[in-house]
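Have the model open as you read, and follow along residue by residue.

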Amino acid sequence: MDGAKVTGLRNVSSTCSISETEDFDLSRLLDKPRLNIERQRSFDERSLGELSTALSRGALDSYETTHSPGWRSGFNTPASSARNSFEPHPMVAEAWDALRRSLVYFRGQPVGTIAAYDHASEEVLNYDQVFVRDFVPSALAFLMNGEPEIVRNFLLKTLQLQGWEKRIDRFKLGEGAMPASFKVLHDPVRKSDTIVADFGESAIGRVAPVDSGFWWIILLRAYTKSTGDLSLAETPECQKGMRLILTLCLSEGFDTFPTLLCADGCSMIDRRMGIYGYPIEIQALFFMALRCALSLLKHDAEGKECIERIVKRLHALSYHMRSYFWLDFQQLNDIYRYKTEEYSHTAVNKFNVIPDSIPDWVFDFMPTRGGYFIGNVSPARMDFRWFCLGNCIAILSSLATPEQSMAIMDLIEERWDELVGEMPLKIAYPAIESHEWRIVTGCDPKNTRWSYHNGGSWPVLLWLLTAACIKTGRPQIARRAIDLAETRLLKDGWPEYYDGKLGRYVGKQARKFQTWSIAGYLVAKMMLEDPSHLGMISLEEDKQMKPLIKRSSSWTC
Ligand code: GLC
């Protein structure tokens, strides 16, 4: 059987890739211009070498050591059948069909994918739009399949939208803001297409999507890495787009922390869920976007100034996150014994966290081995909840040190029932209930306990877990999660999310044929079959950002 036809895969020839400034000493960037010859050494080459070491240690059963550096599987035959001599899972072909059905065209060109193609649902709301964050797994699937055009179109279209004047009532939004979503309106009579975009002025709760700009930069790098085409990122428009996004975040103000202060609902969790303050999801994406921008910005006059600010912020941000957001057994024990009301520079309990505010569940949840970045840290407030996206992005961006990355994976293994259950993966753990739910969510009927953003299980997160697993050399964990998804996802019609403590029930108001559930599955499969794809979405550790302090035993065990 012709695998390419069956799976909807296209031929991909080998790809070249840009080299990374992350190869280099960050501080050197401040004085030296970046040379084009930096492109000589590709990230893929390096990461593949490292990957094969990691993988030969681990148990990626389909992975063969013949996978040589710089080589990438062609798709004449799907990689899985070439290596394992078995046909691709039947769900793969179905997923590609469904993904292609979700394509959105503007004047004949594909520019994105619709959030959900659910005809059965009575309420469309804005699920008929192209969401920036939702398009990321679609984009990765297309890039991995050798179809970069749609990604390029998307990047350019959203860049154009960034240039619009954005207003909510009488208030003008920052220039760099990227939309949460956009919609193409087809006029059959005039035969014309127009676009409407939402920067938060129509969104439920009227919150601007802080994550959109970060995802845009991350995707620009993924496109550049995967195609080897630097010309897009180097256009004055893309350079300006990046600078505008970052200007929103790097401006000086009253901040005492290098983290980014956010409103509730500003990211994937796009309604009130108590994530206001300094949510891990945004901090991790911010860190990753800064690092991606560093590798894409030109060293011209404007770029250089931006680069200098990025480098300084990265140093401060990584220190802050690794020190104060990190929680493991030792750290929890330390906080439990904290003294309060300490004044001056010698304070150990810098944020004046009252030990009584530590929730009971975290004492049981914390394994002896393992750790994670908690949800939020601000004065007298630590949100101890686990958030999947932020922790996976911390691994992929190397915000987490190698030891911390390992500890996060240890935690996932140790707390499999809680974090993965019967359907990967919990967006947040645990759920908030009763009085707390009333206060924190404002009695949100969609975010009841163990549903939707409040402890629901989101199949889209599978690609992030898979990428994190590959990066940490534990592909067997990803395989286990994918196996779980394969028992139900197609049968249930690719739901947006599942409900319940174990993620057993199709979500109360979950859309079917949710595009990012489909694309997330495809990306997870393709990455596991050809781990070299990881380079698109992963950054190696920057030695210059090594932590100065070692806080916990699990870092070293
Ligand atoms: C929901 C999700 C959000 C997603 C949107 C479209 O609002 O919370 O993250 O982007 O649906 O799928």
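## A cut-off to start with

A residue counts as buried when its relative accessible area is under 20%. Please keep in mind that this is a predicted model.

## An edge-to-face pair

With its relative accessible area of 9%, Tyr278 is buried. Phe257 is counted as buried too, because its relative accessibility is 15%.

The structure holds 21 aromatic pairs. Take the rings of Phe257 and Tyr278: their centres are 5.6 Å apart and their planes meet at 75°, so this pair is edge-to-face. Phe257 and Tyr278 each lie in the loop between helix H10 (236-250) and helix H11 (280-296), so the pair ties together parts that are 21 residues apart in sequence.

Elsewhere in the model, one aromatic cluster is formed by Trp361, Phe365, Tyr372, Trp386, Tyr429 and Trp450.

Two arginines are worth a look as well. Arg381 lies over the face of Tyr276, at 4.1 Å from the ring centre. For Arg480, the charged end sits over the ring of Trp416, 3.9 Å from the centre of that ring.

## A mostly covered helix

How many of the 11 residues of helix H19 are buried? The helix, which spans residues 461-471, is mostly covered, with 10 of them buried. Among them are Trp463, Thr466 and Cys469, along with leucines such as Leu461 and Leu462. Just after H19 comes Gly473, which takes a positive phi of about 75°.

Notes. Residues are numbered from 1 along each chain as its sequence is written. This is a predicted model: local features need pLDDT of at least 70, side-chain atom pairs count only at pLDDT 80 or more; totals for chains, interfaces and linings use all residues. Side-chain values use heavy atoms; hydrogens and water are left out. Buried means under 20% relative accessible area, exposed over 50%, partly exposed in between (1.4 Å probe, protein chains only). Helices (H or I, at least four residues) and strands (E, at least two) are DSSP runs, numbered from the N terminus. Rings of Phe, Tyr and Trp (its six-membered ring) pair if their centres lie within 6.5 Å; planes under 30 degrees apart count as stacked, over 60 as edge-to-face and the rest as tilted. A charge sits over a ring if NZ of Lys or CZ of Arg is within 6 Å of the ring centre and within 35 degrees of the ring normal.
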